[in-house]
Structures are given as C-alpha cells and as structure tokens.
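Here's a quick briefing on a single protein chain, grouped by topic. Have a look at the model first, then read on.

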Amino acid sequence: MTADPSLLSLLSFGDGGYGGQLLDAFVLTVEISACSYALALLFGLAGARLKLARGRVPRLLGGLYTATIRALPELLLLLIAFFAGTALLASALQALGFAGDAVELDPFVVAVTALGFIQGAYMTEALRAGFQAVPPGQVEAARALGMGRRLVLRRVSLPLALRHALPAMGNIWLNATKDSALVSVLGAFADILKASSLAAAATKHYLFFYTVAAGAFLLLSLVSLLLLDVLERRASRGLRKPA
C-alpha cells in the first residue's frame with residue numbers, strides 16, 4: 001500500500017506545505033530537550049551532593065527536592081513555573097525597590113528551566129546511585145597517591161559513577177524528549193506536537209499529521225538510543241565482560 005500523494009504534498013516546503021514549519025518545530029523540540037537535560041545534569045549533581053552529604057540538613061533538603069518533584073505532576077509544575085514565575089519575580093523585585101511591572105521572562109528560558117528542574121530530581125537519584133556504586137578502595141587509593149578532593153572527583157569518582165549511572169541517565173534523556181511536548185499547552189511554542197496540531201486542524205488530516213509527529217519522536221528516540229549505546233560502550237572500556 002502506497003501513501004496518498006496528496007497527503008505527502010502537505011509535507012512540502014513550498015506554498016501549501018507544512019514541511020518547513022514541522023522541521024522548525026522538530027529543531028525547537030531538540031533544543032528544548034537538550035537545554036533542559038543540560039540543566040538537569042547540573043541540578044542532579046547538586047542534588048546528589050546534598051543527598052550524599054554527611055550533614056543532616058543537606059540530606060533533608062536533597063530528599064525534600066526529589067520527593068516533592070517526583071510526587072507532583074510534571075505538567076502542573078511546568079504551568080506553575082510558566083504562569084506564576086513572572087508574578088513571583090515581579091513581587092520580589094518590587095519588595096527590593098525595583099520596577100517589577102516591567103519584568104518579562106523569556107518563555108523559552110522559563111520552560112527549559114522548569115523542565116530541567118523537574119528532570120533534575122530524577123537525575124539526582126541516578127547520580128546518587130552511581131556515586132554509591134563507586135568502590136571505596138579506588139577512592140582511597142587515589143587519595144593515597146596525593147590527589148585532592150576535586151582531582152579525585154574528576155579523575156576517579158565521576159567517571160566511575162557515570163559508568164553506573166549512564167543507563168538511568170539515558171532513560172532520563174528519552175523522557176526529556178517526550179517531556180518537551182508538554183510545552184505545547186503553554187501556547188508560546190511551536191514544538192513538533194503544537195505544529196502538528198495546527199496543521200491537522202487546518203487541513204482536517206488529524207491522523208496523518210499526528211502520525212508524522214509520532215514518527216519524529218520515534219526518529220529522535222532511535223538516534224538517541226544509538227548514541228547512548230556508543231556512550232555506554234565507551235564508558236565500559238577496560239571492563240572484563242562476563243563469560
């Protein structure tokens with residue numbers, strides 16, 4: 001069975017086609033996913049450090065962060081950050097004597113920050129488990145060689161922790177690509193889901209354009225899986241495989 005040529009023409013880049021809009025939307029989806037994941041790494045490292053700290057207060061703060069974020073719906077957190085963030089920032093600036101009425105946050109920055117903060121809770125647990133899996137003897141050996149704490153972290157602890165955490169981090173990345181579709185409800189972005197919905201509403205070919213959107217996410221996931229497999233094999237260099 002072949003595809004209807006009239007439907008395929010809707011994906012053209014000329015007049016009457018939506019190819020250009022869908023391509024731009026796909027690029028925006030990748031940008032949102034990549035930027036939010038990069039922030040999630042930073043939040044995850046900070047959260048893992050808190051949860052692995054010796055003090056009770058840092059551990060409590062880290063546990064509160066992960067428990068709260070994982071308990072609330074991601075869409076709810078995104079809506080709170082997007083619609084309430086400007087008002088809260090304006091109120092804070094007014095309290096400090098600044099003109100809070102002129103505050104206008106960039107929607108892309110707000111969405112990426114909110115998604116990164118949400119994904120950071122899951123990244124925290126992945127990195128915490130990775131650091132806990134590092135053999136203590138290797139850290140002690142590095143310190144016995146005269147390495148400082150930062151050098152031990154950069155040369156020993158972090159590479160070994162990433163080796164254990166990569167599978168979970170890969171799952172978080174795949175979730176990040178799907179979570180990027182949540183920004184479509186904000187109305188300020190033409191991501192792949194929003195662009196497909198607009199094209200479907202304009203042409204009444206809902207099944208066709210939603211299938212195109214599904215194919216775009218599937219393509220992104222397949223490419224991501226290939227790259228993640230390369231990273232995992234690279235991180236596992238030097239390990240003896242079980243017979």
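L227 is exposed, with a relative accessible area of 53%; exposed means over 50%, buried under 20%, and partly exposed in between (1.4 Å probe, protein chains only). Bear in mind that this is a predicted model, where local features need pLDDT of at least 70, side-chain atom pairs count only at pLDDT 80 or more, and totals for chains, interfaces and linings use all residues. Residues are numbered from 1 along each chain as its sequence is written, and side-chain values use heavy atoms, with hydrogens and water left out.

**Around L227**
- L227 sits in helix α9, which covers residues 206-235; helices here are DSSP runs (H or I, at least four residues) and strands are E runs of at least two, numbered from the N terminus.
- From L227 to F209 is 18 residues in sequence and 27 Å in space, C-alpha to C-alpha.

**Overall build**
- The protein chain has 9 helices and 0 strands.
- Its radius of gyration is 22 Å, well over the 18 Å from the globule rule for 243 residues, so the chain is more spread out than a compact globule; the radius is taken over C-alpha atoms, and the rule is 2.2 Å times the number of residues to the power 0.38.
- Along the principal axes, the C-alpha atoms fill a box of roughly 70 × 65 × 30 Å.
- Of the 243 residues, 34% count as buried.
- Among contacts (heavy atoms within 4.5 Å) with a separation of 6 or more, 74% come from residues 24 or more positions apart.

**Nonpolar cores**
- The largest nonpolar core has 21 residues, and Y37, M123, L127, M169 and W173 touch the most other members; such a core is a set of buried Ala, Val, Leu, Ile, Met, Phe, Trp, Tyr and Cys residues joined through side-chain atoms within 4.5 Å.
- Two or more residues of this core come from each of α2, α5 (107-132), α6 (136-144) and α7 (149-179), and α7 gives the most, with 10 residues.
- Leaving out residues up to four places away in sequence, M169 touches Y37, L41, M123, A126, L127 and L162.
- A second, separate core has 14 residues, including Y18, I192, A195 and A213.

**A patch on the surface**
- F13, L23 and V27 make a nonpolar surface patch of about 310 Å².
- Patch members have over 30% relative accessible area and no salt bridge, with nonpolar side chains (Val, Leu, Ile, Met, Phe, Trp, Tyr) joined within 5 Å and like charges within 9 Å; a salt bridge is a side-chain nitrogen of Lys or Arg within 4 Å of a carboxyl oxygen of Asp or Glu.
- L23 belongs to helix α2 (residues 19-51) and is partly exposed at 43% relative accessibility.

Definitions and conventions. Accessible areas come from the Shrake-Rupley method with a 1.4 Å probe; for residues, only the protein chains shown count as cover.
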